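We will go stop by stop.

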Amino acid sequence: MNYLEWTANLGVVPLFLFAAFLLAPIALFFALRRFSVTAVLEAIDISLISFNYLNLTKFMNLTISLLFVKIFLSDCSASGIKKISSDIILAKGEQKEINFAGFKNFSVGNKEILSYKLLSKPQKLLIKGKQLGFSDLIIWTSKGKQVHNVYVLSKQKFLKTYQLAETLKNLNLSIDIKGPVMTATGEVSEFSDYLYLQKIKTQFKEQVFFKITIQPDLRNHIVGQVYKRLFNNGFSHISCQAEWLDILCFYEGPGNKTLLKQIEQFYQISFIEEESTFRKKNFLLKLKLVQLERIDGQEIHIGLDKLQTKVSEIFKFGVRKLVDDNLIFLGNSKLELSSLAEPEIVINLDSPQMIEIGSQIPYQNISNQGQQIVAPIDWKFAGLKIQTKITESFGKLKLNFSTEFSRPVGEAINGSKERSSIILTPGESVKIFQIGFQTTGKGRQGIPFLTEIPILKHLFQSRSDQHTYKQIYGYVQLEEI
């Protein structure tokens, strides 16, 4: 039995012919579907698995085909519609002619802003500003599409805009006008032109965008003059930078506001105050209190500057070395040199400090209140008080200090006060105060045991008053931690 004999009747039997007619589109769809899947799998196989000669040939054919497609599309876009854009500025009531060739059609976006009239011979479009505002205008010609952005301004604003544009052009600047707003680009090299542009910028800051740079020589001249004036007035930390037509200068700490305002107005720059770097640091404040006294009671007319030493050696080696190096001089002058105190404090800016060297002395204050006798005890300080505070002044460290010296005299406390300030440099030793005073001591001398006899003790003892003149020197040194 031949199983293929039935295939001979496919084109003869009407039922088979009709079935083939119905199933042919479906069969074609599945065939194309299979072909597309195969093509995709082959492309994946080309890019990820192997690059043998056959697959490489297929890949090259596919690449060339894509290249031809791109060229074809680019040619179509090049030969198709060409788009041209432009801006048109009109004063209210002003008319303008737009010439074109090969006219096809046109469209006005806002007919309340523009009125128009088409002239066929010659081919022109006449537009007129009706109201203030904006409208787009599209014209189709045989050469492509033209898109015009039309701005209608008031006559006064229109005149100012074009006058401003002409003024900026006279300064060799490029002007790009977008309706009521324009952009100025270029470089300025003269100081007078720079000041003039700054004035225009202030007056028309919402109408003109300035993309103008300052020529390097002019920028260096302005910044150099600013540095010179600020450094001469005590500023130490200054940094200036130029950004387009603006010059910004940064300085640390509070400064002379009047001076800064004058420089801002003259050079048309801006100052910005920055937080001082000193506020982020801790400092060690060292004090040396040195006493120089003369036993014979005469005033001391020399200072430590007459000795063979430097102030820095007091902090480095102490008072002992100062005495050893000047032993002969101190002996001949009947002077004694000693150290009273050497306090050290860790401080930071704007924080007050207090140092007290002395003691509280009790005093009895007797008073009568009716029939009762009241004798309260008052405590009074005798010694040396030193108050200090480190602040910043024009980028430098300033030590504000006050001293209060008091000593008992009879039934009272006498003393003196001083207040001053000084600029400090970290690591430098400076004398900040000097206090001189005279003391009187009463002495009693006699034969031991005999001075204890109630009546005869006055025969075997003597009294004497001893006067001593003293000077206290205060030295300070500041160090960064």
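Start in the largest nonpolar core of this predicted model. The core has 39 residues. Select Leu168 and Ile269: these two touch the most other members. Next, colour helix H5, residues 216–232. H5 gives the most to this core, with 5 residues.

Now centre on Leu168. Which residues does Leu168 touch, leaving out those up to four places away in sequence? Show Leu173, Ile175, Met182 and Ala184, which are among them.

Move on to the second core, which is separate and has 25 residues. Pick out Phe283, Leu289, Phe437 and Ile472, which are included in it. In soluble globular proteins, nonpolar side chains tend to be buried together.

Aromatic rings come next. The structure holds 13 aromatic pairs. Select Phe158 and Tyr162 for one of these pairs, a tilted one. Their ring centres are 4.8 Å apart, with 45° between the planes. Both residues lie in helix H3, residues 155–169. They are 4 residues apart, about one turn of the helix.

Tyr162 has 33%, so Tyr162 counts as partly exposed.

Jump to Phe266 and Tyr267, an aromatic pair that is edge-to-face. Here the centres are 4.7 Å apart and the planes stand at 80°. Tyr267 counts as buried because its relative accessibility is 7%.

Select Phe100, Phe103, Phe106 and Tyr116 together. These four form one aromatic cluster.

For a charge over a ring, go to Phe381. Lys385 lies over the face of Phe381, at 5.1 Å from the ring centre.

Finish in the sheet. Switch to a cartoon view. Three strands form an open sheet, in the order S2-S5-S4, and the pairing is antiparallel. Which strands are at the edges? Strand S2 (95–99) and strand S4 (114–119) are the edge strands, and each pairs on one side only. From one strand to the next, the twist averages 20°.

Zoom in on S2 and strand S5, residues 124–129. The two pair in the antiparallel sense over 5 bridges.

How values were computed. Residues are numbered from 1 along each chain as its sequence is written. This is a predicted model: local features need pLDDT of at least 70, side-chain atom pairs count only at pLDDT 80 or more; totals for chains, interfaces and linings use all residues. Side-chain values use heavy atoms; hydrogens and water are left out. Two strands pair if DSSP finds at least two bridges between them. Axes are lines fitted to C-alpha atoms, for helices over the stretch in contact, and angles run from 0 to 180 degrees between N-to-C directions. Rings of Phe, Tyr and Trp (its six-membered ring) pair if their centres lie within 6.5 Å; planes under 30 degrees apart count as stacked, over 60 as edge-to-face and the rest as tilted. Buried means under 20% relative accessible area, exposed over 50%, partly exposed in between (1.4 Å probe, protein chains only). A charge sits over a ring if NZ of Lys or CZ of Arg is within 6 Å of the ring centre and within 35 degrees of the ring normal. A nonpolar core is a set of buried Ala, Val, Leu, Ile, Met, Phe, Trp, Tyr and Cys residues joined through side-chain atoms within 4.5 Å. Contact means heavy atoms within 4.5 Å.
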